[in-house]
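Subject: The two-chain model, with notes

Hi,

Here is the structure I said I would pass on. Have a look at it first, and my notes follow below.

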Amino acid sequence: MTEPLLEVRRLVKHFGAVVATAALDLAIMPGELHAVIGPNGAGKTTLIGQLAGEVRPDAGHIYFAGRNITALSVPRRAALGLARSFQSTSIFPGFSTLENVALAIQAHAGHSFRFWRPARSLTHIRHAAVEVLKNVGLAERVVVPAARLSHGEQRQLEIAMALATTPKLLLLDEPTAGMGLEESAQMVALLYSLRGQYTILLVEHDMDMVFALADRITVLVDGRAIATGTSEAIRANAEVRRAYLGEDDSEVGRAQR
Amino acid sequence: MQVDLRRIVVCLTLVALAGIPLGGEVFYTRLFTRIMLYAIVACSLDLILGYGGMVSFGHAAFVGVGAYTVAILGYHGVTSGLIAWPASVVMAALLALVIGGISLRTSGVYFIMITLAFAQMLYYLAVSLKTYGGDDGVRIVRNTFAGVLDLRQPTTLYYIAWLGLCLVLWLGRRLVHSRFGVVLRGIKENERRMQALGYATFAYKLVGFVIAGVVAGLAGALLANQTAYVSPALMHWTRSGEIMVMVLLGGMGSGFGPVLGTITLLLAEEILSSYTEHWMLFLGPMLLVVVLRARRGLYGLVPAAEVQP
């Protein structure tokens with residue numbers, strides 16, 4: 001049996017009296033696209049924060065590529081191959097699209113205590129950045145300042161920066177947040193093209209998207225994983241349907257039609 | 001072929017500065033030595049403030065430590081600049097390591113307050129050093145350079161300052177465009193994203209902070225030689241504020257802006273104070289106008305040449 005790439009064991013996080021993560025177990029297998037869904041307040045954002053290293057868990061462990069990373073800082077985890085995108089777009093607005101991606105590549109091309117050569121003269125980094133931008137469909141927007149990209153394009157850039165670090169695992173936090181229908185469809189197409197190439201943990205609100213893309217789905221309610229399985233299994237799961245009743249019963253139902 | 005107006009402004013300013021001692025007026029030679037040395041300090045602050053986004057409100061501390069190192073060594077008979085100036089650099093670097101190592105763990109208003117607090121601590125430390133003049137400061141013997149350079153000649157010190165300024169501008173330009181510089185600017189834009197990309201941002205900020213401190217410390221050593229006198233006033237928080245005004249006035253993160261800012265501020269101070277002792281009353285509104293009307297400072301008014309992104 002293959003080892004999980006990312007394994008979460010008995011993870012606990014409280015904020016005062018609020019339980020955000022309650023003894024959560026989760027295993028992401030190499031190569032799969034694993035979606036985490038759940039109603040608002042289920043602890044999705046806190047989970048991403050703990051996986052990325054921004055939020056310290058109260059108890060439990062996180063293993064990544066066979067290594068306990070529970071105590072590692074954000075940059076250390078990133079250096080090990082854990083890349084993320086942010087729910088609210090997080091880019092370098094004053095840099096060009098190309099420079100944004102180049103900065104991501106530079107982060108994984110040795111240390112940057114290099115004070116002499118102009119960064120823009122490093123053609124291998126710039127070429128690699130252009131290649132990544134081609135892959136996400138931003139080839140035409142290379143020289144544009146990132147601040148002037150449309151919202152959808154900024155979301156694509158966000159993904160491009162994560163890809164540029166040649167990650168082992170992609171943590172995608174609601175990549176279609178705030179997008180229109182057309183932009184959303186583009187993003188789904190992009191994620192579809194990444195499927196199989198990368199191991200992806202996708203946190204998403206959009207049920208249609210999750211059921212269309214995910215190999216496996218984990219349903220999070222009140223910080224616990226109430227079910228994990230394929231799309232079919234999750235659709236059929238009685239507990240999942242109950243959890244969404246009252247919260248937003250139309251979502252699972254709509255996805256089924 | 002496009003004319004690069006900014007390059008012209010930089011060249012004209014530096015050439016004009018180089019010509020000032022030729023006029024033979026010692027008063028102007030001394031005044032502009034001081035202006036150029038503060039311009040160096042302002043450029044060093046701009047590296048962390050304008051490029052790194054670190055609002056350090058205690059930059060005068062490094063100037064003071066550089067100057068006091070020269071003064072204290074001189075007081076004990078060590079007048080060779082070959083020893084005193086490197087010593088100033090080392091002391092400023094150590095101080096920046098300590099101040100940066102602690103204050104860079106905070107951000108925002110806390111960072112401003114902690115850097116300010118450190119600078120004020122040093123100010124009061126200098127006041128308490130009765131051996132070295134305490135509040136009144138102490139006269140010093142100018143550094144010697146094995147008979148090669150005579151710093152008692154105002155022109156000699158002037159051209160050292162001029163060369164130093166040119167060097168700081170050139171090296172600073174290389175630095176901000178290097179991979180390190182790009183990282184520093186990235187941290188200013190979005191530190192959280194930098195960490196998620198894998199940059200240990202604290203280390204980069206600390207190195208930037210130490211570089212800025214070292215440059216300011218060296219300028220402090222030269223300032224001590226220029227006035228042949230040091231006092232705690234060098235480190236007072238109002239001095240840190242003035243240095244910050246020089247950067248803002250000229251234009252943050254613009255490379256050459258702080259030089260224009262320093263020239264403008266110190267000349268305005270010089271001219272206005274000859275008419276009235278309430279010169280701040282007139283300088284204040286002038287600053288307001290510039291900061292409100294030209295948000296990118298005086299240098300920002302000069303159109304930049306198109307660059308390939």
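Let me start at A:Val101: if you skip neighbours within four places in sequence, A:Val101 is in contact with A:Ala129, A:Val132, A:Leu133, A:Ala160, A:Met161 and A:Ala164. By contact I mean C-beta atoms, placed from the backbone, that lie within 7 Å.

Some housekeeping. This is a predicted model, where local features need pLDDT of at least 70 and side-chain atom pairs count only at pLDDT 80 or more, while totals for chains, interfaces and linings use all residues. Residues are numbered from 1 along each chain as its sequence is written, and chains are lettered from A, with ligands numbered from 1, in the order in which they are written.

A:Val101 also turns up in the largest nonpolar core, which has 165 residues; A:Val101, A:Ala160, B:Ala39, B:Ile40, B:Val41, B:Ala67 and B:Ala219 have the most contacts inside it. A core here is a set of buried Ala, Val, Leu, Ile, Met, Phe, Trp, Tyr and Cys residues joined through C-beta atoms within 7 Å. Buried means 20 or more other C-beta atoms within 10 Å of a residue's own, exposed means 12 or fewer, and partly exposed is in between, with C-beta atoms placed from the backbone. Helix H2 (residues 26-51) of chain B gives the most to this core, with 15 residues. At least three residues come from each of domain 1 (1-81 + 168-257) and domain 2 (90-166) of chain A. Helices (H or I, at least four residues) and strands (E, at least two) are DSSP runs numbered from the N terminus, and the domain bounds come from an automatic or database assignment.

On to H5(A), residues 151-164. Its 14 residues reach 20 Å from first C-alpha to last, close to the 20 Å expected at 1.5 Å a residue (the expected span is 1.5 Å times one less than the number of residues). Since 12 of the 14 residues are buried, H5(A) is largely enclosed by the rest of the structure. The buried ones include A:Ala160, A:Met161 and A:Ala164. They pack against partners in both chains, among them helix H3 (97-106) and helix H4 (123-135) of chain A and helix H7 (179-197) of chain B. After H5(A) comes A:Thr166, with a positive phi near 40°.

How do the two domains of chain A meet? Their centres, taken over C-alpha atoms, are 26 Å apart, and 9 residues of domain 1 are in contact with 9 residues of domain 2. On the domain 1 side, H6(A) gives the largest share, 4 residues. That side divides into 6 nonpolar, 2 polar and 1 charged. For the classes, Ala, Val, Leu, Ile, Met, Phe, Trp, Tyr, Cys and Pro count as nonpolar, Asp, Glu, Lys and Arg as charged, and the others, Gly among them, as polar.

Between the chains, 30 residues of chain A are in contact with 21 residues of chain B. Helix H2 (74-80) and H3 of chain A are the elements that give two or more residues to the chain A side, which has 20 nonpolar, 7 polar and 3 charged residues.

Last, strand E3 (residues 33-37) of chain A: 5 of its 5 residues are buried. A:Leu33, A:Ala35 and A:Ile37 point one way, and A:His34 and A:Val36 the other. E3(A) pairs in the parallel sense with strand E8 (residues 199-203) over 4 bridges and with strand E9 (residues 216-221), also over 4 bridges; pairing needs at least two DSSP bridges.

Cheers

Technical notes: Contact = placed C-beta atoms within 7 Å.
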